Amino acid sequence: MDAALYDEEWGYYRRTDLRHWGREGDYRTSPERSTLFAATFARYFVKLYAELDSPAAWTILEAGAGDGSFACGVLETLQTGYSEVFAATRYIIDERRSDSRLAPQLSSFADRVEFKSLDDGDQINAGIIFSNELLDAFPVHRVTVINGQLLELYVDVAVDGGFKWTTGLLSNPAIEEYLAASEVALEEGQIADVNLEISKWLQSVASKLTKFYLVTVDYGAEASELFDSSLRPEGSLRAFHRHQLVDEVLARPGDQDLTSTIDWSLVKRAGRELGLETVDFKRQDRFLLEAGLLDALELQIQRAEGDAERLRLSTAAREMILPNGMAASFQVLVQKKI
């Protein structure tokens, strides 16, 4: 999964000949659908800025910035409506994909936007770390139970030259430790996906910032639901190609997106072990409403040029807050360390 997504030459997210987002791509994220998403979170970030005692300088670090829409929307909102916060803001983008596609639309903010890895950065005194649909793209271990034994699924080469699944002993004892900590006992034949990279990433985050809020947006479930064999007997690993769910995740490596549902129980538990306190956790639609989406909508409609743009904004807002809309499938977790 890591190679298929991030190989330097052929990885899905590394390739410059593919369009990942939008109608011509394989999926669409909330920031790419509407500027309201970033504008609403910018208003929420202003609230967190005050909670951090309004420092003279602070950092917003976005991990996995996609096409840069979110960063651009946040900075534009702060610049036009919250000049004091904007003046104090340094924006860091930690992106494993090439930043060449992000730089053009962020050129007007070149004086405060930096592209660097979280692992390469200096210690940050105060700020926010934000991610949207990042953790679900971390590579997972696939495990199953055969004759009562916990085994791992590996990728092998089939006779026809394609890829196939095979089983073997666990590659990492942390897999079994993870399942035990989550109080998960897999049934015979059940397949589950174990994301060990989340804990590593959280450790890296906690080591770089002194006072911060961690805001994570993704689609996930609590461990009791995620590993329920009646709900997900074959795990949650899946592929997307041209906005369609693909049954065979081993097909077209490097040409399709791979993703899995994250374990919110793990994110909270690992956070607690690192001294992170859970501040808020709710469905994305509810979070956006409480964070001021309707106020952001009203402001953007007032500034809109023409009825077509106003209609587009209203339609996007409905998609974000309707109970059965896309946002209802996502959750927002806010953790802090102060």
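Select H3 and H12. The axes of these two helices come within 9 Å and cross at roughly 65°. An axis here is a line fitted to C-alpha atoms, for helices over the stretch in contact, and angles run from 0 to 180 degrees between N-to-C directions. Helices (H or I, at least four residues) and strands (E, at least two) are DSSP runs, numbered from the N terminus.

Now show the side chains. Thr35, Leu36 and Phe37 of H3 meet Leu313, Ala317 and Met320 of H12. Contact means heavy atoms within 4.5 Å. By class, the residues of this contact are 5 nonpolar, 1 polar and no charged. Ala, Val, Leu, Ile, Met, Phe, Trp, Tyr, Cys and Pro count as nonpolar, Asp, Glu, Lys and Arg as charged, and the others, Gly among them, as polar.

A word on what is on screen. This is a predicted model, where local features need pLDDT of at least 70 and side-chain atom pairs count only at pLDDT 80 or more, while totals for chains, interfaces and linings use all residues. Residues are numbered from 1 along each chain as its sequence is written, and side-chain values use heavy atoms, with hydrogens and water left out.

**Next: H11 beside H12**

On the H11 side, pick Leu293, Leu294, Leu297, Gln300 and Ile301. They meet Arg310, Leu313, Ser314, Ala317, Met320 and Ile321 in H12. This contact has 8 nonpolar, 2 polar and 1 charged residues.

**Next: the cores**

Which residues touch the most other members of the largest nonpolar core? Select Phe41, Phe45 and Val215: these three do, in a core of 46 residues. A nonpolar core is a set of buried Ala, Val, Leu, Ile, Met, Phe, Trp, Tyr and Cys residues joined through side-chain atoms within 4.5 Å. Buried means under 20% relative accessible area, exposed over 50%, partly exposed in between (1.4 Å probe, protein chains only). H3 (residues 35-51) gives the most to this core, with 11 residues.

Center on Phe45. Leaving out residues up to four places away in sequence, Phe45 touches Trp58, Ile60, Phe70, Val74, Ile128, Phe130 and Val215. Then move to a second, separate core of 38 residues. Phe138, Val145, Trp264 and Ala270 are among its members.

**Next: the four-strand sheet**

Select S7, S6, S5 and S8, in that order across an open sheet of 4 strands with antiparallel pairing. Two strands pair if DSSP finds at least two bridges between them. S7 (163-168) and S8 are the edge strands, each pairing on one side only. From one strand to the next, the twist averages 40°.

Zoom in on S5 (residues 141-146), where 5 of the 6 residues are buried. S5 has 4 antiparallel bridges with S8 (residues 191-194), and Thr144 stands opposite Ile191. Toward S6 (residues 149-157), S5 has 5 antiparallel bridges. There, Val145 is the bridge partner of Leu150. S5 and S6 form a hairpin with 2 residues between them. Pick Asn147 in the turn: its phi is positive, about 55°. Step on from S6 to S7, joined by 6 antiparallel bridges. Val155 stands opposite Trp165 in S7.

Select Ser236, in the loop between H8 (223-226) and S11 (238-241). Is Ser236 buried or exposed? Ser236 counts as buried, at 8% relative accessibility. Beyond four places in sequence, Ser236 touches Asp193, Leu226, Thr259, Ser260 and Thr261.

Go to Thr278 in S15 (residues 277-283). Thr278 is partly exposed, with a relative accessible area of 33%. Apart from neighbours within four places in sequence, Thr278 is in contact with Lys268, Leu333, Val334 and Gln335.

Finish at Asp2, in H1 (residues 2-6). Asp2 is partly exposed, at 34% relative accessible area. Draw a distance line from Asp2 to Val113: their C-alpha atoms are separated by 27 Å.
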